[in-house]
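Please keep the model open as you read.

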Amino acid sequence: MRGPRVAVLGAGIVGAACARELARAGLPVTVLERGGPAAATTAHGEGNVLVSDKGPGPELALARLSLALWPRILDEIAERRPETARAVEWDPKGGIVVAATDEGARELERFAAGQRAAGVTAEPLDASGLADAEPHLTRDVAAAVHYPQDAQVQPAAAAAALLADALDAGAELRTRCEVLGPVTRSGRLAAVRTSQGTVEADAFVNAAGPWSGGLAARLGAPVDVRPRRGEVLVTAPLPPTVFHKVYDADYVGAVGSDAEDLRASAVVEATRAGTVLIGSSRRRVGFDDRLRPEVLSVIAAKALRLFPCLDGVPVMRAYGGFRPYVPDHLPIIGPDPRLPGLWHATGHEGAGIGLAPGTARLLADLLLGRTPPLDPAPFRADRPAALGDPSPTGGAA
Amino acid sequence: MSADARRHVVVVGAGPAGLAAASAALRAGARVTLLDAAERPGGQYHRTPPEEFAAAHPERLHRGWRTFDRVRRHVLTHPRCAWWPESAVWALERPDPGEERPPRVHVVRGPADGAGRRRHVLDPDALVLAPGAHDRVLPFPGWDLPGVYTAGAAQALAKGERLVVGDQVVIAGSGPFLLPVAESLLEAGSRVVEVLEANPAGTVLRGWGRRPWELASYTGKLAELAEYAALLARHRVPYRCGRAVVEARGDGRVEEVVTARLRPDWSVVPGSERTVPVDAVCVSHGFTPQLELPVAAGCALRRPDPASPAEAFVEVDGDQRTTSPGVYAAGEITGIAGAPAARTEGLIAGWAAGGGAPDAPELVPLRRRRDRDRAFAERLAAAHPVGAAWHGWLRPDTVVCRCEGTAYGALRRAAGEPAGSSARAVKLTTRAGLGPCQARVCGPTVARLLAAGGTPEAAAAEGLPSATPHHRPLAQPVRLGELARRPHTEQEREH
Ligand SMILES: Cc1cc2nc3c(=O)[nH]c(=O)nc-3n(C[C@H](O)[C@H](O)[C@H](O)COP(=O)(O)OP(=O)(O)OC[C@H]3O[C@@H](n4cnc5c(N)ncnc54)[C@H](O)[C@@H]3O)c2cc1C
């Protein structure tokens with residue numbers, strides 16, 4: 001293998017996707033993971049691969065690229081490891097967004113029109129179309145839009161498949177290996193100190209999810225990635241009741257919102273095992289992982305507004321994680337001009353599963369000097385929001 | 001002092017430990033809410049037969065019945081005690097860091113299978129956790145056949161419903177609990193073919209015989225053992241050490257078991273297999289403490305055996321105080337030591353939780369007894385360990401997680417794949433432990449299997465839940481509708 005040696009820091013889905021892309025391009029790759037692979041944020045969220053929740057702009061461009069890449073990557077993996085690819089449970093089941101109020105309906109229709117102009121398939125559903133698509137959904141709906149491109153994966157299995165494919169291509173994985181600090185040589189990040197000794201490389205990719213801010217600070221080039229708490233409810237297995245990802249239009253608001261306090265919107269979807277996942281909340285509470293029953297209560301109430309028939313269904317489990325977010329709600333992808341040798345692939349908030357393949361492609365193209373398929377500028381590491389600029393234009397208010 | 005100005009103690013679990021804690025907290029002057037998911041107090045140990053059957057002489061079936069009955073009456077009829085049956089604690093909500101109060105207790109009340117359960121929230125001054133333990137059963141080929149019972153379930157049927165699980169029964173596993181199970185079955189009219197203790201006599205005797213000079217203080221326990229021995233002899237039931245049921249077979253239901261001799265590490269001695277016709281098997285490999293509530297309350301756990309991190313108990317001080325402010329623990333969650341020990345711990349915990357004087361003279365003998373019982377628990381653990389090579393009798397198609405049907409081979413395959421080898425990823429891809437019982441049954445087994453294979457867990461880090469298989473923030477299932485509706489707060493208290 002030739003080319004720069006790359007160390008990927010973190011084996012979540014973003015690190016796994018980057019490792020795969022770089023190893024498949026022939027680079028020598030080492031993945032350094034503090035615990036075990038795919039065990040952190042990636043294993044504590046949902047697996048939506050969505051275009052429906054994104055308005056026109058750079059994130060939608062990245063989402064469309066990723067959506068195109070996902071099935072191609074899984075086909076490639078399936079050729080080598082059919083079982084591994086199957087476990088990913090890729091399911092392009094489509095999403096349905098509903099608005100309950102007339103005002104919400106107008107907002108949803110305006111949003112969908114903008115998406116259509118940007119190339120997203122967004123089909124308005126009338127009452128009978130909606131009843132056919134989701135027979136158990138409330139009839140009390142002012143508007144509904146069908147997004148046939150929305151898909152779903154089992155996120156931990158997806159990350160494991162990407163990483164397995166990276167390892168097959170020659171990448172090396174070191175678990176229980178925490179990155180502790182930098183070794184710089186003439187202003188360049190030349191190695192990292194880890195709990196298992198020093199690791200040298202030519203490029204280091206910070207893919208530490210919600211811990212990326214802390215890791216970048218340890219390495220001497222802080223970026224403003226913060227945790228945003230999210231909780232999900234899991235029901236007991238049910239006979240088929242929910243057929244698409246169904247969510248209320250508030251979700252779109254919650255994703256882009258800046259409110260410090262609780263935002264919750266119902267995203268209701270069935271898994272292959274028959275359980276129904278009901279997400280999710282968005283709260284800024286640092287790394288506080290205490291269970292808040294009133295938060296679960298809000299999620300439950302919102303889900304019941306969509307599917308009143310779920311009233312008597314037992315919730316077996318609740319879990320949560322911390323979405324890694326940047327105050328301007330865009331990921332950071334690319335080199336860090338302050339510290340040559342350091343790269344970032346982080347800050348994907350509630351969309352890192354879906355955006356992982358596009359992120360990896362963009363990063364690899366930049367690292368290898370190829371022309372990326374989309375404009376990397378909005379994701380650059382030295383934009384004000386990523387650097388923690390408190391000015392309003394920096395968005396970190 | 002008005003009733004409401006008194007210290008309010010919430011006791012979770014109305015088994016021997018919880019009842020004792022409630023009675024001591026009442027004696028200390030506190031107001032008590034005692035709650036249990038079951039309809040009646042008693043827990044696993046004092047299973048009250050349904051009224052229709054109780055007319056006979058329940059004391060014949062229950063050791064220590066009279067004490068239990070006295071305490072039960074004192075507590076349930078006490079004017080300062082609210083008894084909440086069929087009340088499940090589904091969540092504990094920890095206060096902000098630095099706030100020195102116990103977590104808020106979220107309860108659903110009403111029959112578990114009925115509609116119309118209601119949500120309640122309690123804000124106690126102290127919380128006593130006494131949720132007990134449940135049976136631990138290690139899997140073996142055929143353990144999912146009808147006719148294979150956990151020893152606890154068989155005993156519950158015998159004691160509670162007076163039902164006989166079979167006419168030709170083998171009792172197998174490890175630990176002293178095999179003996180009372182044999183007793184219950186014999187008294188209910190079953191024929192017990194044999195009782196098999198997996199640990200060889202050497203291990204058992206070494207464990208029991210440690211520091212023999214201390215044994216004198218266990219005369220009660222030894223007398224109990226002698227009674228069991230006499231009972232088995234009277235019924236001509238052999239008690240064999242170093243043998244285990246390594247397979248159950250049958251067409252749609254158990255018809256025979258294969259037993260085999262085990263080495264001290266529980267590996268099977270080749271050629272020692274024997275086939276025994278049966279119509280039921282009762283298995284017990286000790287108990288798993290119900291740790292989800294202490295974990296949710298933020299209590300530190302202690303792990304007596306560094307080699308098996310899944311094995312954990314709540315860490316307590318001399319007053320049964322946990323590391324979490326205002327939270328006390330009593331009974332099996334602090335160590336498996338049996339009902340009398342649980343009762344003693346409950347008395348100490350309840351007294352302290354109720355604000356009783358720390359230097360009350362009654363505490364001196366209680367503490368001494370508790371310390372002795374703890375030492376006894378250690379003796380039990382040493383005498384009846386789970387051998388490290390137990391999984392040797394599993395086959396690739398042996399189901400490990402019964403809720404999800406996850407087989408041993410699938411677990412091994414997933415754990416052997418470096419890219420998906422973290423315990424969390426293995427569980428998510430094999431679905432082991434994700435079913436309705438939420439890993440209560442298979443969690444420790446899976447953790448043991450993965451630890452034996454060297455699977456890395458998520459690193460302990462800020463923002464990552466603890467890697468224990470007891471992490472279950474939703475401690476009990478709640479219906480979506482129950483969750484969505486507003487809870488009753490304490491002001492609307494019902495008695
Ligand atoms: C409730 C919830 C629901 C979600 N739903 C969706 C969804 O439907 N669709 C979607 O696309 N996204 C969703 N997300 C978001 C998604 O889970 C994340 O964006 C994504 O998992 C982030 O992946 P990551 O690889 O960046 O981070 P992680 O998965 O957290 O991986 C980072 C890794 O870095 C390691 N690490 C950290 N520090 C160090 C160090 N110093 N040294 C070595 N290793 C280190 C960590 O151990 C970890 O394994 C959801 C998130 C939550 C919380």
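Chain A splits into domain 1 (6–73 + 155–225 + 328–387) and domain 2 (128–138 + 227–325), with bounds taken from an automatic or database domain assignment. This is a predicted model, in which local features need pLDDT of at least 70 and side-chain atom pairs count only at pLDDT 80 or more, while totals for chains, interfaces and linings use all residues. Residues are numbered from 1 along each chain as its sequence is written, chains are lettered from A in the order in which they are written, and side-chain values use heavy atoms, without hydrogens and water.

The C-alpha centres of domain 1 and domain 2 of chain A are 27 Å apart. Between them, these domains of chain A bury about 1,800 Å², 55% of it on carbon and sulfur atoms; buried area is the accessible area (1.4 Å probe) that two parts lose on being put together, summed over both. On the domain 1 side, A:Glu46, A:His329 and A:Glu349 supply 35% of the area buried against domain 2 of chain A, more than any other three residues.

A:Glu349 also forms a salt bridge with A:Arg282 (3.4 Å, N to O). The term stands for a side-chain nitrogen of Lys or Arg within 4 Å of a carboxyl oxygen of Asp or Glu, and the rule finds 2 salt bridges across this interface of chain A.
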